[in-house]
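Keep the view open while you read.

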Amino acid sequence: MSPGRVRGRLGLVAAGAALLAVCAWASSASPAGTAATSKPATSAALTLNDWALAGQHVIYSYSGLTAPSGLLERIRLGQVAGVIFFGSNISSKTQIASVIKQFEQAAFSSPVQAPLLLEVDQEGGLVRRLPGAPLLSEKQIGQSSDPAGQAASAGTGAGNNLLSVGMNVNLAPVVDFYRQAGDFYDQYQRSYSMSASTAGALSADFVHAQQDTGVAATAKHFPGLASASSTQNTDLRPVTLNDSYTRITSLDELPYNSAIAAGVKIVMPSWASYPNIGSKRPAGLSSKVIQGQLRRSLGFTGVIETDAIGAGGLSQYGGHGNRSILATIAGDDLVLSAGQSVKDGVYITSKLVEAYRNATVDRAAFQASAQRVINLRSSLPG
């Protein structure tokens, strides 16, 4: 998520238990929403009704400091994969921990017996939702006398900080390098280095350390915003980056190879367009970027989560529902509804239900994607 927005059961045993619980529920549930032609025996997603299946693809947000009753009910129904928190949702650690406890209690009644994805942007420096670690920005870490040690310390600090209030996903680190002083990332000190290899190495240090605490890390914004100028903000307007295919694949994607090798659990694509990859669509809506580059070329097998679906950079692609369908078709697993409106999340889920029922989205791929999300949820504390 770019600066305009960003300001302002563990382990395999638990994963298996969560999947068994889902299957046990499914034995007495309606088979609505199950594709009759696809029967992968290990897929718990196949047991869910249409709304719960679609819900595994949506991260909700809300306004204010209290847990909305409507969101709690959607969680009980299994129609919510997770929740993202903003600064306006947090008045203190005690307050947000109390809200999160309500979300977790609601999730105990859900047909998907796995922790919710409870997310926040906690990069460090200027980009922090929670008070506390990591205090240093990525640029400060990169310029320190011990960058690797400081990056690892920031990852550990971020993970422990999130865990202290019940969160389990950090939408960090930014793994991209930057090209010029004062550009899109550098103006907010959100990049470790002007060197792609250094940015990648420090990102890997952060990822390793944070995920050792149990909190999932997110590498962003694929395939890179290194060449974006200070005004090229996809939150506000469409952005096209005309870097060559060779530059993108040999340089911009380099830090992502490092993050993926470090085991990063989530990758977030950017909303910029990269026409020299072969698609005029923004990266997160492009199968050539998501399936071609990230999945096949880089071999990423984890969860892919969009940036904010309401971003101005998607103004040419209709409303939130149509954008979410396009993102799902492209290969994104999770749609980030970041407008701090529960109604937006419900609307997106309803449109994904329609797209699944009328096969606008590939049904088998939709189920497999939901299963990736369930697997991720089952691997996290909650």
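## Charged pairs

Let's start with a pair of side chains: arginine 76 and glutamate 73 meet in a salt bridge, with 3.3 Å from N to O. Keep in mind that this is a predicted model. The two partners sit three residues apart in helix 4 (residues 69-76), so about one helical turn separates them. Arginine 76 is partly exposed, at 34% relative accessibility, and glutamate 73 is partly exposed too, with a relative accessible area of 37%. Why can such pairs form? Side chains of opposite charge can pair when their charged atoms come close.

How many salt bridges does the structure hold? The count is 13. Another of them links aspartate 243 to arginine 247, where the closest N and O atoms are 3.5 Å apart. Aspartate 243 counts as buried because its relative accessibility is 8%, under the 20% cut-off. Arginine 247 is buried as well, with a relative accessible area of 16%. There's also a network: salt bridges with shared partners join Asp121, Glu123, Arg129, Arg190 and Lys220. Inside that group, arginine 129 bridges to aspartate 121, with 3.6 Å between the closest N and O atoms. Both arginine 129 and aspartate 121 are buried.

## Helix 12 against helix 13

Now move along to helix 12 (residues 320-330) and helix 13 (residues 342-357). Their axes come within 9 Å and cross at roughly 55°. The crossing of helix 12 past helix 13 is right-handed.

Who does the touching? On the helix 12 side, the contact uses His320, Gly321, Ser324, Ile325 and Thr328. Helix 13 brings Asp344, Tyr347, Ile348, Lys351, Leu352 and Ala355. Sorted by class, this contact has five nonpolar, four polar and two charged residues.

## Helix 13 against helix 14

Helix 13 also packs on helix 14 (residues 363-378), at an angle of about 135° and with the axes 9 Å apart. Helix 13 and helix 14 are therefore oblique to each other. Is this crossing left-handed or right-handed? Helix 13 passes helix 14 in a left-handed crossing.

From helix 13, the contact takes in Leu352, Tyr356 and Arg357, while helix 14 supplies Arg363, Phe366 and Gln367. The classes here are three nonpolar, one polar and two charged.

## Helix 11 and its buried arginine

Helix 11 (residues 287-297) has a set of buried residues: Val289, Ile290, Gly292, Gln293, Leu294 and Arg295. Take a closer look at arginine 295, which is found in helix 11. It counts as buried because its relative accessibility is 14%.

What does arginine 295 touch, leaving aside residues up to four places away in sequence? The list is Ile290, Phe300, Thr301, Gly302, Ile304, Gly331, Asp333 and Arg372. One of these, glycine 331, is 36 residues from arginine 295 in sequence, and the C-alpha atoms of the two are 9.1 Å apart in space. Just after helix 11, glycine 299 takes a positive phi of about 75°.

Most residues other than glycine have a negative phi, and most peptide bonds are trans. A few spots here go the other way. The peptide bond from alanine 133 to proline 134 is cis, with omega near 0°. Proline 134 sits in the loop between strand 5 (127-128) and helix 6 (138-142). The bond from lysine 220 to histidine 221 is cis as well, with omega near 5°, and histidine 221 is found in strand 7 (residues 218-222).

Then there are two glutamines with positive phi. Glutamine 189 has phi near 55° and lies in the loop between strand 6 (169-170) and helix 8 (196-212). Glutamine 189 is partly exposed, at a relative accessible area of 32%. Glutamine 340 has phi near 55° too, and its place is the loop between strand 10 (334-336) and helix 13. With a relative accessible area of 26%, glutamine 340 is partly exposed.

Notes: Residues are numbered from 1 along each chain as its sequence is written. This is a predicted model: local features need pLDDT of at least 70, side-chain atom pairs count only at pLDDT 80 or more; totals for chains, interfaces and linings use all residues. Side-chain values use heavy atoms; hydrogens and water are left out. A salt bridge is a side-chain nitrogen of Lys or Arg within 4 Å of a carboxyl oxygen of Asp or Glu. Helices (H or I, at least four residues) and strands (E, at least two) are DSSP runs, numbered from the N terminus. Buried means under 20% relative accessible area, exposed over 50%, partly exposed in between (1.4 Å probe, protein chains only). Axes are lines fitted to C-alpha atoms, for helices over the stretch in contact, and angles run from 0 to 180 degrees between N-to-C directions. A crossing is left-handed if the near helix is turned anticlockwise from the far one by less than a right angle, and right-handed if clockwise. Contact means heavy atoms within 4.5 Å. Ala, Val, Leu, Ile, Met, Phe, Trp, Tyr, Cys and Pro count as nonpolar, Asp, Glu, Lys and Arg as charged, and the others, Gly among them, as polar. Angles under 35 degrees count as roughly parallel, over 145 as roughly antiparallel, 65 to 115 as roughly perpendicular and the rest as oblique.
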